[in-house]
Amino acid sequence: MNLFEVYPLNGLEIVKGSGSVVWDSVGNSYLDLYGGHAVISIGHSHPHYIARITEQLNKIGFYSNSVIIKGQEELAAKLGRISRKDNFSLFLCSSGAEANENALKLASFHTGRRHIIAFKNSFHGRTSLAVSVTDNPAIQAPINENPHVTFVGLEDTGALEEAFMSHEVCAVIIEGIQGVGGIHVASDSFLQKMRSLCDAHGAVFIADGVQCGYGRSGKFFSHDHSGVLADIYSVAKGMGNGFPVGGILVAPHIKPKYGLLGTTFGGNHLACAASLAVLEVIEQENLLVNAAVTGEWLITELKKFPGIKEVRGRGLMIGVEMDEDASALRNTLLKKHRIFTGGANKKSILRLLPSLALSRKDAALFLEVFKEMLATRYVHQ
Ligand SMILES: Cc1ncc(COP(=O)(O)O)c(C=O)c1O
């Protein structure tokens, strides 16, 4: 059987990782500023992470949600404390799309409504509801067409108000920093406006923290920078540092009911062990502070470089927009300088999504290489 080819590959086989470095099958090492698409939060193959998962695997790897799983309670308590959402409750699943799917469904159960406001340039996943609030018709199959979604421009307060006036709104879903859309930061005032509109109209505020959450922006949720509290936060990616796990954090006024949500794999023993290891390392190594400080330094330095149209982002979620297609630039970084970076929907953008433990030395190495490349207008390899 062949693979169902949906992914354009870069030709590398990555076989090993440690911290911010990965190795290919012929022994070349690469600086990883992409983190396998914002997934590697604490660094590749962190010893504590390996030990925690191994220890769990030696006891039991899986049992269903029909039994008590202590790791879930431990995870909810720790996540509540570190994210400062102590009075929220946690529902666990296995991916970002599934988290958003459950967030939207829960908002609809809670309000009895169905109209969703989402934003232009957004990405929320590929399952049916999540993709219907994603602003990309190319990945929506005819069956995903949803007449109950209004897309408004990020920062377009007028359009947001109008959407609230025209519909009985169930929920608004927003990435604090748009990722796939090219690193666009929602302003604090826009998030505050959205909160007050949700309050005035009885709609649910869903904060998609799948990519911009879990410490990446230097605060636990990028939405936290605005001082706004959402009703539901979705998480995945960095939560398991590669182990497939996701979840939603649900505000106390949204009540659970047996059978309302469910999944086979969500919150299994291994997923909990992986997620707990991630939070333990985030805390022990002070990674939110590292993301804030190293990220700010990178952004400040990159803004000084000539030949860049714009540098956007917060913490270690950074977008560098060039005047032209950045594919050749990214390819030269990868093939010649052995540095992984990410792309975005728009080809002119280069995305940096490294581990939250990225060292100053590794950040400096990238800056040095990048500066030199811009000076010589990156020679193709
Ligand atoms: C903001 C955001 N939400 C949701 C998702 C979907 O996550 P997953 O691919 O785990 O389903 C992504 C994935 O890139 C994302 O960036």
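## Ground rules

Residue numbers start from 1 along each chain, following the sequence as written. Because the model is predicted, local features need pLDDT of at least 70 and side-chain atom pairs count only at pLDDT 80 or more, while totals for chains, interfaces and linings use all residues.

## Two domains

The protein chain splits into domain 1 (14–46 + 286–379) and domain 2 (47–284), with bounds taken from an automatic or database domain assignment. Their C-alpha centres sit 25 Å apart. Where the two touch, domain 1 puts in 27 residues and domain 2 puts in 30 residues; residues are in contact if their C-beta atoms, placed from the backbone, lie within 7 Å.

On the domain 1 side, at least two residues each come from helix H1 (35–38), H9, strand S13 (308–314), strand S14 (317–322) and strand S16 (349–352). Helices (H or I, at least four residues) and strands (E, at least two) are DSSP runs, numbered from the N terminus. H9 gives the largest share of that side, five residues. By class, this side of domain 1 has 14 nonpolar, nine polar and four charged residues. For the classes, Ala, Val, Leu, Ile, Met, Phe, Trp, Tyr, Cys and Pro are nonpolar, Asp, Glu, Lys and Arg are charged, and the others, Gly among them, are polar.

## H9 against H11

H9 turns up again here: helix H9 (residues 287–304) and helix H11 (residues 360–375) have axes that come within 10 Å and cross at roughly 15°. Axes are lines fitted to C-alpha atoms, for helices over the stretch in contact, and angles run from 0 to 180 degrees between N-to-C directions. H9 and H11 are therefore roughly parallel; that label covers angles under 35 degrees, with over 145 roughly antiparallel, 65 to 115 roughly perpendicular and the rest oblique.

The crossing of H9 past H11 is right-handed, meaning the near helix is turned clockwise from the far one by less than a right angle, with anticlockwise being left-handed. H9 brings Thr294, Trp297, Leu298 and Glu301 to the contact, and H11 brings Arg360, Ala363 and Leu367. That makes four nonpolar, one polar and two charged residues.

## H2 against H8

Helix H2 (residues 47–59) packs on helix H8 (residues 269–284) at about 155°, the axes being 9 Å apart. The two are therefore roughly antiparallel, and they cross in a right-handed way.

From H2, the contact uses His48, Tyr49, Arg52, Ile53, Gln56 and Leu57, and from H8 it uses His269, Leu270, Ala273, Ala274, Leu276, Ala277, Val278, Glu280 and Val281. Sorted by class, there are 10 nonpolar, three polar and two charged residues.

## H6 against H7

With axes 11 Å apart, helix H6 (residues 157–166) and helix H7 (residues 188–201) pack at an angle of about 10°. H6 is therefore roughly parallel to H7, and H6 passes H7 in a right-handed crossing.

Thr157, Leu160, Glu161 and Phe164 of H6 meet Phe190, Lys193, Met194, Leu197 and His201 of H7. Five of the residues in this contact are nonpolar, two are polar and two are charged.

## Around the ligand

There are 14 residues around the ligand, and Gly96, Ala97, Gly125, Val210 and Gln211 come nearest. A residue makes this list if its C-beta atom, placed from the backbone, lies within 6 Å of the molecule. Helix H4 (residues 96–111) supplies the largest share of the shell, three residues. Overall, the shell has five nonpolar, seven polar and two charged residues.
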